[in-house]
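A short report follows the structure.

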Amino acid sequence: MTAHMTTGYNATTAIETDPRRAEAALLSRLAAQMLRCEDLGTQGFPMLAKAVHENRKFWHLAAADLAGDGNGLPEALRAQLVSIAGFVDRESARVLSRTKSPEALIEINRSIARGLFAAGV
């Protein structure tokens with residue numbers, strides 16, 4: 001995955017130095033935002049909706065990058081990540097319709113972030 005969403009000057013610098021770490025940090029930040037919003041209950045729903053939208057946007061960008069010919073990841077891994085992106089899209093719709101909690105989205109981001117951080121070592 002090399003899709004990037006830059007937020008602020010530091011994000012651009014981090015992406016230029018180590019894209020995996022930048023993606024891991026972004027996924028961790030998005031997971032933390034969703035978790036904080038969920039903890040606020042119904043009052044936090046507008047902020048949760050924004051966080052879910054940002055997360056969905058990241059995964060859309062990642063899926064587009066993964067589907068491209070220039071992506072250097074192994075084909076099987078790319079297919080798995082594209083499948084996860086599809087799940088994130090569907091699960092995001094459920095969260096936004098208030099039929100599901102963002103728990104699965106949070107766990108996916110955390111798991112992928114752990115893998116990216118470990119791969120960067």
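R94 and E91 pair through their side chains in a salt bridge, 3.6 Å from N to O. A salt bridge here is a side-chain nitrogen of Lys or Arg within 4 Å of a carboxyl oxygen of Asp or Glu. Both residues lie in helix 4, three residues apart, about one turn of the helix. Helices are DSSP runs (H or I, at least four residues), numbered from the N terminus. R94 is partly exposed at 31% relative accessibility, whereas E91 is buried at 3%. Buried means under 20% relative accessible area, exposed over 50%, and partly exposed in between (1.4 Å probe, protein chains only).

This is a predicted model: local features need pLDDT of at least 70, side-chain atom pairs count only at pLDDT 80 or more, and totals for chains, interfaces and linings use all residues. Residues are numbered from 1 along each chain as its sequence is written, and side-chain values use heavy atoms, with hydrogens and water left out.

**Salt bridges**

The whole structure has five salt bridges. The table gives three of them, including the pair above.

| Pair | N to O distance |
|---|---|
| R94 and E91 | 3.6 Å |
| D89 and R56 | 2.9 Å |
| R114 and E107 | 3.2 Å |

D89 sits in helix 4 and R56 in helix 3, so their pair ties together parts that are 33 residues apart in sequence. D89 is partly exposed, at 28% relative accessibility. The R114 and E107 side chains also meet in a salt bridge. R114 is partly exposed at 49%, and E107 is partly exposed at 38%. Shared partners join E91, R94 and K100 into one salt-bridge network.

**Helix packing**

Two packed helices are described by the angle between their axes and the distance between the axes. How do helix 2 and helix 5 pack? Helix 2 (residues 19-39) and helix 5 (residues 103-119) meet at about 155°, with axes 8 Å apart. Axes are lines fitted to C-alpha atoms, for helices over the stretch in contact, and angles run from 0 to 180 degrees between N-to-C directions. The two helices are therefore roughly antiparallel, a label for angles over 145 degrees. The contact (heavy atoms within 4.5 Å) includes L27, L30 and M34 of helix 2 and I106, I112 and F117 of helix 5. By class, this contact has 14 nonpolar, two polar and five charged residues. Ala, Val, Leu, Ile, Met, Phe, Trp, Tyr, Cys and Pro count as nonpolar, Asp, Glu, Lys and Arg as charged, and the others, Gly among them, as polar.

Helix 2 also packs on helix 3 (residues 45-67), where the axes come within 8 Å and cross at roughly 155°. Helix 2 and helix 3 are therefore roughly antiparallel too. Among the residues in this contact are L26, L30 and C37 of helix 2 and A51, F58 and W59 of helix 3. The contact divides into eleven nonpolar, two polar and two charged residues.

L96 belongs to helix 4 and is partly exposed at 31% relative accessibility. L96 and A49 are 47 residues apart in sequence and 6.2 Å apart in space, C-alpha to C-alpha. Leaving out residues up to four places away in sequence, L96 touches F45, A49, V52 and R56.

R98 lies in the loop between helix 4 (75-96) and helix 5. Most residues other than glycine have a negative phi. R98 has a positive phi of about 65° although it is not a glycine. R98 is exposed, with a relative accessible area of 55%.

Notes. Parallel < 35°, antiparallel > 145°, perpendicular 65-115°, else oblique.
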